[in-house]
Amino acid sequence: RLRFSIFEVVTLSCRHSPLGKRGGPERRASKRASLRPPASDSEELEPGTASRLVDAEPQAQPVLSPAAILDPEEIVADARINAERCLQWYALQKEHSAWKSAFVATLNEAVGGSADRLSSALPMLDSENVGGSTDEHARAADDKVRQMRSRHEQQRQLGRERLLDVLKSEGERQRAAQLLKQAEEQRQRREQEEERARQNEARARQEAQQEATRKAVQAAQLERERIERERHKAVQREERAAEAARNEKAKRAQLASREDAFLFGSASARAEAMRVEELVTGVEQRAKTFASDSAQSSARMQIKKSVNRAINQIAASQKQVMSKMGELHQTIQRAELTGPDALAFCEHSIAERLVAEGAGQVMLHAHSSFAIAMVTAALMAVYPTMKDLVVAHFHRACVMTVPMHIGRPAEISDEEYAAKLGRKPGEKLDSYQERMCGYISLYAALIQTELPASLGIGENPYGIEHGWQWLARIANMKPRNLTCMALASFIDI
């Protein structure tokens, strides 16, 4: 590539002109000095500027030797033609350089700085030997100008096409890179999802294994606990059975050793007394369990309150008897809904309170025993357990209701013997006998009480036949101090 200034273009044209050939170095130096432009290289000159400079400033021409001058007009014409052709070359070169700079800048923006390699392939104006005459030189210059313009147009077209190709290939490359990037991202996402799926599956398997292990351990623990509970229950059953056997053996031994101390009216009386005593002992155990339960304190107080209020308000009138009978029945029903221990506590409390009325109201007013006996008989008819509980409490309160006589062993004191007979500490004999007669009166009233058919609860379960049994048993016993008073109270009722 050649980049020429106006001075160099004019010098080149003069060197290859016929005038330059005919003259020597001094002629060419003189010609070069005469054609130097007054303006800078960056200014554009219009066609014909060189001729005006030659015409306007002939004094700038150096003085040539006579031997070197052939024809002044030919020299001026030749210089004018060469200057005009060189100026055209200069204008085309400048236009070509501006176009190339814009083209390279556009390519740099499009392909990112790789346009220099493309620009190196673009041909530039080069200098060729311009020989021949002035006309040939002019025609050659015109041909070169046309060729240069044609090449410039071809290069422009080629540059546009290459730019379009570059832009197209760059767009395709970017799209391909984008597609590759998307494919890579999809592959990475797929690998991540597969990795997460594998991790989740491994975690699920581990959790399932841990859960299975935990359940197996728990099942084994439950099985061991169940076996331990069954073994403990079996041990408890064996212990209870052994304890019951020991108690039974001790009880039999005690009864055998006390046959002389406890004198029953008959063997059946002794068997019945032992049976009801065992029953009331079991009921007392359940009642104590309920009484010691702090969570049932409210229910326990409600049962006591209802039982005491109903029994204290029993009076010798049919309406009052029926009313209190209904209240006690409702109390037992509520206790039964609470639980078996509450029911045992309620029945035991009612039986104990009814029998205790023999030492209270009945002892003062013997004929009031029939109202209490009516309520007692009705409850015994509805609730079978009440029958044995009432009879057992009669036996505990008064041994003559068995009937039974307790002898005095030589090793016990008077107070201990009085307690065995049911006598209170410090109680006088008259008070004790009156209290025993009150129990006998209530017992006699219970035996001969008949329940009305209108109640629909059946007959008295402890009827008059038990009265004849009692009379036969007490008549067969050896008379004691209390025997006559008990018979008198029984027959009086």
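Buried residues account for 35% of the 493 residues in the protein chain. Buried here means under 20% relative accessible area, exposed means over 50%, and partly exposed is in between, with a 1.4 Å probe and protein chains only.

Before going on, the ground rules. This is a predicted model, in which local features need pLDDT of at least 70 and side-chain atom pairs count only at pLDDT 80 or more, while totals for chains, interfaces and linings use all residues. Residues are numbered from 1 along each chain as its sequence is written, and side-chain values use heavy atoms, with hydrogens and water left out.

The protein chain has 18 helices and 2 strands. These are DSSP runs numbered from the N terminus: helices are H or I with at least four residues, strands are E with at least two. Of the contacts in the protein chain with a separation of 6 or more, 73% are between residues 24 or more positions apart; a contact means heavy atoms within 4.5 Å. The chain exposes about 29600 Å², and 53% of that comes from carbon and sulfur atoms. Those areas come from the Shrake-Rupley method with a 1.4 Å probe; for residues, only the protein chains shown count as cover.

Now the salt bridges. The rule is a side-chain nitrogen of Lys or Arg within 4 Å of a carboxyl oxygen of Asp or Glu. How many salt bridges does this rule give? The count is 16.

Glutamate 211 pairs with arginine 214, with 2.3 Å between the closest N and O atoms. Glutamate 211 is partly exposed at 31% relative accessible area, and arginine 214 is partly exposed at 42%.

Helix H7 also holds arginine 246 and glutamate 243, again 3 residues apart, about one turn of the helix. Their side chains form a salt bridge at 2.4 Å, N to O. Arginine 246 is partly exposed, with a relative accessible area of 47%, and glutamate 243 is partly exposed at 36%.

Next, arginine 435 and glutamate 427: are these residues buried or exposed? Arginine 435 is buried, at 7% relative accessible area, and glutamate 427 is buried too, at 14%. Their salt bridge has its closest N and O atoms 2.7 Å apart.
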